[in-house]
Number of protein chains: 2
Amino acid sequence: MKDGTVEEGVKEALNGRAEGLLAREVREGQRALAAADGERRTAVLRTLAQILGAREAEILEANGTDLDEAERVGLSGPLLHRLSLSPSKLATLREGVLTLAAAPDPLGQVQRKMELDDGLVLSRVLSPLGVLLIIFESRPDAVVQIGSLALRSGNGVLLKGGSEALHSNRILVRCLREALEAEGLPGGAVAGVEGREAVGRLLDLDELVDLVIPRGSAELVRAIQSSTRIPVLGHADGICHLYLDRAADPAMAAHLAVDGKCDYPAACNATETLLVHREFLPHLPGVAEALRERGVVFRADAEARALIPDAEVAGPDDGRTEYGDLTLAVRVVAGLNEAIDHIHAHGSAHTDAIVTEDEGAARRFLREVDSASVFWNASTRFADGYRYGLGAEVGISTGRIHARGPVGVEGLLTTRWLLEGRGQGAGDYGSSGRSFTHRLLEGS
Amino acid sequence: MKDGTVEEGVKEALNGRAEGLLAREVREGQRALAAADGERRTAVLRTLAQILGAREAEILEANGTDLDEAERVGLSGPLLHRLSLSPSKLATLREGVLTLAAAPDPLGQVQRKMELDDGLVLSRVLSPLGVLLIIFESRPDAVVQIGSLALRSGNGVLLKGGSEALHSNRILVRCLREALEAEGLPGGAVAGVEGREAVGRLLDLDELVDLVIPRGSAELVRAIQSSTRIPVLGHADGICHLYLDRAADPAMAAHLAVDGKCDYPAACNATETLLVHREFLPHLPGVAEALRERGVVFRADAEARALIPDAEVAGPDDGRTEYGDLTLAVRVVAGLNEAIDHIHAHGSAHTDAIVTEDEGAARRFLREVDSASVFWNASTRFADGYRYGLGAEVGISTGRIHARGPVGVEGLLTTRWLLEGRGQGAGDYGSSGRSFTHRLLEGS
């Protein structure tokens, strides 16, 4: 055995230990944050907004360092745009923090309250999840957006940003920690994480980290999902369908196809596959023309190609691909059953929509399609936390457990059951003793 | 390479394929079950109760075969008791099925409804999770109890019981399938699974199975949690604490300690560790005497041993062990902070209780203890789905994601977002267009 190997082993063990200590420190800090009054968490957020304002010059300077380096290594326009902070972006971030400060404290909110017996009352209350590991790509704004959501909901947070935003992320994490400390809470409830190896080791700590939220490419999400036992809130794929039923209004069909595909083709909720009822085919050329005018190119089956002469021949992966651009798969189906079967077989259970004037068909589609979001006569692009009125969006989940579809702050919360009695024992109830009243006081 | 190896490889591949096909068949059946009207699922349950009555003799005969074999291999009394079915147990099971038949259909229930804009309405509705894998030990009753819960909630279910109940489980699974088929639904929504290897292969199919519910020993649950990427609903440990505060009422303290430890010592919600405030020590001998009368033996730290002379010396594992019998760890603490820290460091976040007349101390305990159930002046034994008024109990979860504490039928459900519009596109909103109203119609 070479000396180098031993040294690396020791280094690795020490590093693993370092991440364990870091996560434990976040957990300790989180417990203090969660134990504090809601007003104190509000004060932390207000102070954070102040600090972000007072240190704007430093933040922009750190961001400038990242931008210089990014330009030096030849990062492209859209990535540079995502990386860059500006006085107006910072003002928007501060506003967001103040909006959260003004929002009601979710912790301790009662979801359900039941009298089990006279003087024995059970409540289910909202509680923080615990320690979150957030992994995001270039946008340093995410540090403030997710960090402040975590603070509002009493969670501790490990923040791992892209290396290209290293300096920006560092100073923003420092602002979050200072805001906590200014209000007498441990800054350790928030921690920055640097380096891929550190993330790998944190993903092993399923006893210390409660939820991983990856924000970024499908590849990032898939890589994380397949390398951890910790629950992951996110979606790898967004293969969304628009089904034009026999009874679809042709103008509406064209409008929703164009909006779904062209409004923002790179988004996960963009339409990727158009399913067309055979009896709607006479109207397909009009829909295709509207799409073509917006630059859409088609990958269609033989039957649809007869009506869209410029369509390419659909290959085996068309109809189950997230293009992320102006490519659209087109496939003809015999009816509602075939459309639903196609969606279940090839979709990603993200968002699927039907266009029809036939309420019966719509009700069946809404009932049977097993996706996080299912729409009738609306664009797939509506699947979004802001549009759903959830306030801040933590992410969109295609998992079926815990949170599904666009997820707001409730995705960062769990519940606890609180029981208040007068000394009752379980043995006091049953055959020979008292019986339960089970009278619902609030909630469902 | 030996021929045997090749053959085994082929056999294994075919077997793996067999479980995949089985899970797919359950998924197909589940989709039909979920798409059916609630009345049809109700009819399935009513028919199931009839079939269980009509085939009682056959069921008891199959159970007799299992009991004979169990006696032959020398199974002990309590295990035989759990394995055995009787006319009265079957009557109770049928009653349970009819109660579920009479319960409201959860599917499609609206949790939240919001107008996003005029003619654009978003609802979040309850939906089945999908395919459940239930793994349980000797009690064949579980086939009917969990099978009927799955049917009520539109889920498909793979049922793996203990091999000692093979014949009983087989006929009960057959009854469930016949009830489905009698109502024109695919019997394949319910399937029995036999053999440990088959379970192992199903635990690999995280694309096809949505939730695993192990019901049995802590060892069973731990083994499953560490061998699958599928979410597991359950709890491995129940290390529950009773904290006797400085301001505890001595008589109540004794009553709750006796109930928590002695009412059913093998239960996961039994009290395992007594934490005693130093200022309560003068009352400890009385509490110990009440426990001693019920046969409790003590493992205590030095300070507590001074007052409980017959206590054994606590070893390093006492205070973080689920004894499951009449052993009780006793530990003196300086106050509320130390009690909470001990619970966080050594508990299993299952159920923890404080005994005190000091409301301030109680409120802090209820707020800060991060366990699924947290009680004030009530026995830890109340943590139970029936006592919580949840109706049927699916299990008790110490996970923080999806469901926490005692879990009723809602643990088998997820949600979907349904949006009904009039042809709106997302691009119709924003800077130049319409704006959202986000008016809450129902729910929170």
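This is a predicted model: local features need pLDDT of at least 70, side-chain atom pairs count only at pLDDT 80 or more; totals for chains, interfaces and linings use all residues.
Helix α14 (residues 359-368) of chain A lies across β7, β12 and β13 of chain A together with β16 of chain B, and its direction runs at about 160° to that of β13(A). The strands in question belong to an open sheet of 11 strands with mixed pairing, to which chains A and B both contribute.

- The edges are formed by β10 (312-313) of chain A and β17 (439-443) of chain B, each of which pairs on one side only.
- Helix α10 (residues 250-262) of chain A also packs on the sheet, where it touches β7, β8, β11 (327-333), β12 (351-355) and β13 (373-378) of chain A as well as β16 (413-424) of chain B, and its direction makes about 125° with that of β16(B).
- Within the sheet, strand β7 (residues 240-244) and strand β8 (residues 271-277), both of chain A, pair in the parallel sense over five bridges, and A:L242 stands opposite A:L274 in β8(A).

**Helix α5 of chain A**

- Helix α5 (residues 87-102) of chain A has 16 residues and spans 23 Å from its first C-alpha to its last, which is close to the 22 Å expected at 1.5 Å a residue.
- Its buried residues are A:L90, A:L93, A:V97, A:L100 and A:A101, and because they cover an arc of only 105° around the axis, they fall on the same side of α5(A).
- An α-helix has 3.6 residues a turn, so residues three or four places apart point the same way.
- The buried residues of α5(A) pack against α2 (38-54), α3 (56-72) and α6 (141-152) of chain A, whereas A:S88, A:T92, A:E95, A:T99 and A:A102, on the other side of the helix, are exposed.

**Salt bridges between and within chains**

- Over all chains, the count comes to 64 salt bridges.
- One of them is formed by B:R367 with A:D37, whose closest N and O atoms are 3.1 Å apart; B:R367 lies in helix α14 (residues 359-368) of chain B and A:D37 in the loop between α1 (3-35) and α2 of chain A, so the pair joins two chains.
- Both partners count as partly exposed, B:R367 at 41% relative accessibility and A:D37 at 38%.
- In chain A, the side chains of A:K261 and A:E272 meet in a salt bridge of 3.0 Å, N to O, which links helix α10 to strand β8 across 11 residues.
- A:K261 is buried, with a relative accessible area of 0%, and A:E272 is likewise buried at 0%.
- In chain B, the side chains of B:D117 and B:R434 meet in a salt bridge of 2.7 Å, N to O, and this pair, 317 residues apart, links strand β1 (residues 110-117) with the loop between β16 and β17.
- Here B:D117 is buried, with a relative accessible area of 3%, whereas B:R434 is partly exposed, with a relative accessible area of 44%.
- Salt bridges that share partners also join A:R27, A:R31, A:D210, B:D370, B:R400 and B:R404 into one network.

Definitions and conventions: Residues are numbered from 1 along each chain as its sequence is written. Chains are lettered from A and ligands numbered from 1 in the order in which they are written. Side-chain values use heavy atoms; hydrogens and water are left out. Helices (H or I, at least four residues) and strands (E, at least two) are DSSP runs, numbered from the N terminus. The expected span of a helix is 1.5 Å times one less than its number of residues. Buried means under 20% relative accessible area, exposed over 50%, partly exposed in between (1.4 Å probe, protein chains only). The arc is that of the directions from the helix axis to the C-beta atoms. Contact means heavy atoms within 4.5 Å. Two strands pair if DSSP finds at least two bridges between them. Axes are lines fitted to C-alpha atoms, for helices over the stretch in contact, and angles run from 0 to 180 degrees between N-to-C directions. A salt bridge is a side-chain nitrogen of Lys or Arg within 4 Å of a carboxyl oxygen of Asp or Glu.
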